[in-house]
Amino acid sequence: MSERVVIVGGGVAGVSTAGALRAGGFDGDLTLVDAGEFPYDRPPLSKDFLAGTQDIKQIALKPQQWYDDQRVRLMNRTTVSALRPADGAVELVDGALLPADRVVLATGGGAARPPIPGAHSDRVHVLRTAKDADRLREALGSGARVLVVGAGLIGAEAASTAVRLGCEVVLADPVAVPLAAAIGAELADWLHGLHHRAGITTLHTGVDGFTDRPGGIEARFTDAGEPAAEPQVFDAVLLGVGMVPRTEIAQSAGLRVEGGIVVDERQLTSHPAVLAVGDPARTRRDGVLLPRTEHWEAAQHDGARAAATLLGTTPPPATAPWFWTDRHDRHVEAVGHMASAELTVVRGSYDDPAFAVFGLRDGHVVAAASVDDPMAVRAARRMIDRQVAVRAGPLADPSVNLRSLLRG
Ligand SMILES: Cc1cc2nc3c(=O)[nH]c(=O)nc-3n(C[C@H](O)[C@H](O)[C@H](O)COP(=O)(O)OP(=O)(O)OC[C@H]3O[C@@H](n4cnc5c(N)ncnc54)[C@H](O)[C@@H]3O)c2cc1C
């Protein structure tokens, strides 16, 4: 067993790796290096933290005492600039070498900034860090006109928070029904419709460019929209158009990087002393590169798997992918791969306060998504993991207890 493990990155993936290592009995030196102020959680950045109802201390991943108790040497505000596996070390930006027998890369990613002309303006924001959220919150005063570009998870949540803060919000996306692949077209359409009902103007268009004007920023839209949107002036713009995995140090160390740091199912990279977890990791399974997951729980599970690999124990079994999103006071959860479903059934109705959609294939649940009904998704996850045979009729009937269907 290695004596010195260095984890690069203090997001949920890095902190979970540290916790799982100690829980699994790792007794060696454990160092967590993070470029930020201290390890905090990101999902609140588009929700309560952006709204100002949670502060930075409340979104800490762990209290300081936890690092002391777990004997994790936490190096905040410190950046790893290079991997030196041949020297058994990582190099810090000041040139210092930190001894490391094994390294776990948990470097996350940065907000994507597509090369849209004028996007360098101070009025154009992204949302990945607490500082980004602080800066954006300042721009979201009541009555501010805000353009959110991208209606995926982060854009939709930030738009919802902005409207809650009293802003006038326009949400633009060239995709007609965002999230359709993840939760199914019908539910995605319903969810997108919530924006309109909350007073947000949704535009089916991309953005071509920005120009700073006195007192605002003008956005020009691509002509893909129907009808084509006229240029408009906003107080602020948020680009919520995705994430770019942070792979530089992996790449310069010669590790295999293809749209992410390539790992096997044990989180091992192409170098045996280096593992990768969380948003930047991309799993290769049976010779096929899977898409990056970019969700909170997946990052946490990666940490548990990496710890098992380092400890030489059996990794926890893989479970169906899961994520949640909150918008307009509705809580959405999704599990599995809805795009692979050949049939969807609604349990309840879209008018109910809570309902769920199940995706079926060959008589088995392959995915589910719920609105304010997390228990339905929890049951669906068990059905997927246990490959339980189910019929559409009982699934769709809210009077049938889902637990009774778990027996198959
Ligand atoms: C605004 C927002 C809202 C979200 N909402 C949801 C949600 O509702 N549901 C959901 O499932 N997921 C959500 N996510 C996604 C989820 O938060 C991410 O999948 C998760 O944070 C990934 O964790 P990570 O540890 O891989 O990376 P990160 O959280 O990005 O952490 C990486 C850390 O590594 C540090 N680092 C990078 N390079 C270096 C280096 N060279 N040296 C030292 N430190 C370094 C960074 O400073 C950072 O602290 C959201 C993400 C964002 C940004």
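1. The protein chain is divided into three parts, namely domain 1 (4-110 + 243-311), domain 2 (124-239) and domain 3 (329-405). Please keep in mind while reading that this is a predicted model. Taken over C-alpha atoms, the centres of domain 1 and domain 3 are 33 Å apart.

2. The ligand has 35 residues around it, and those that come nearest are Asp34, Arg42, Lys47, Arg128 and Asp279. Sorted by class, this shell holds 15 nonpolar, 12 polar and eight charged residues.

3. Which domains contribute at least three residues each to the shell around the ligand? Both domain 1 (4-110 + 243-311) and domain 2 (124-239) do so. In terms of secondary structure, at least two shell residues come from each of α1 (12-23), α5 (153-164), α9 (296-311) and β22 (322-327).

4. For Arg42, a polar side-chain atom lies 2.5 Å from an oxygen atom of the ligand, while for Ala106 a backbone N or O atom lies 3.4 Å from an oxygen atom of the ligand. A polar backbone atom of Trp324, in turn, is 2.9 Å from a nitrogen atom of the ligand. On its own the ligand has 1000 Å² of accessible area, of which the protein covers 94%.

5. The side chain of Glu297 is joined to that of Arg381 by a polar contact of 2.5 Å. When residues up to four places away in sequence are not counted, Glu297 touches Trp322 and Arg381.

6. Thr107 is found in the loop between β7 (102-105) and β8 (109-111). With a relative accessibility of 15%, Thr107 also counts as buried, because this value falls under the 20% cut-off. A polar atom of the Thr107 side chain lies 2.8 Å from the backbone oxygen of Arg246.

How values were computed
Residues numbered from 1 in each chain as written. Predicted model: local features only at pLDDT ≥ 70, side-chain atom pairs only at ≥ 80, totals over all residues. Heavy atoms only, no water. Near = heavy atom within 4 Å. Polar contact = N/O pair within 3.5 Å; in protein donor to acceptor, adjacent residues only side chain to side chain. Areas by Shrake-Rupley, 256 points an atom, 1.4 Å probe, with all protein chains shown as cover. Helix = DSSP H or I, 4+ residues; strand = E, 2+ residues; numbered from the N terminus. Nonpolar A, V, L, I, M, F, W, Y, C, P; charged D, E, K, R; others polar. Domains from an automatic or database assignment. Contact = heavy atoms within 4.5 Å. Buried < 20%, exposed > 50% of the residue type's maximum accessible area, 1.4 Å probe, protein only.
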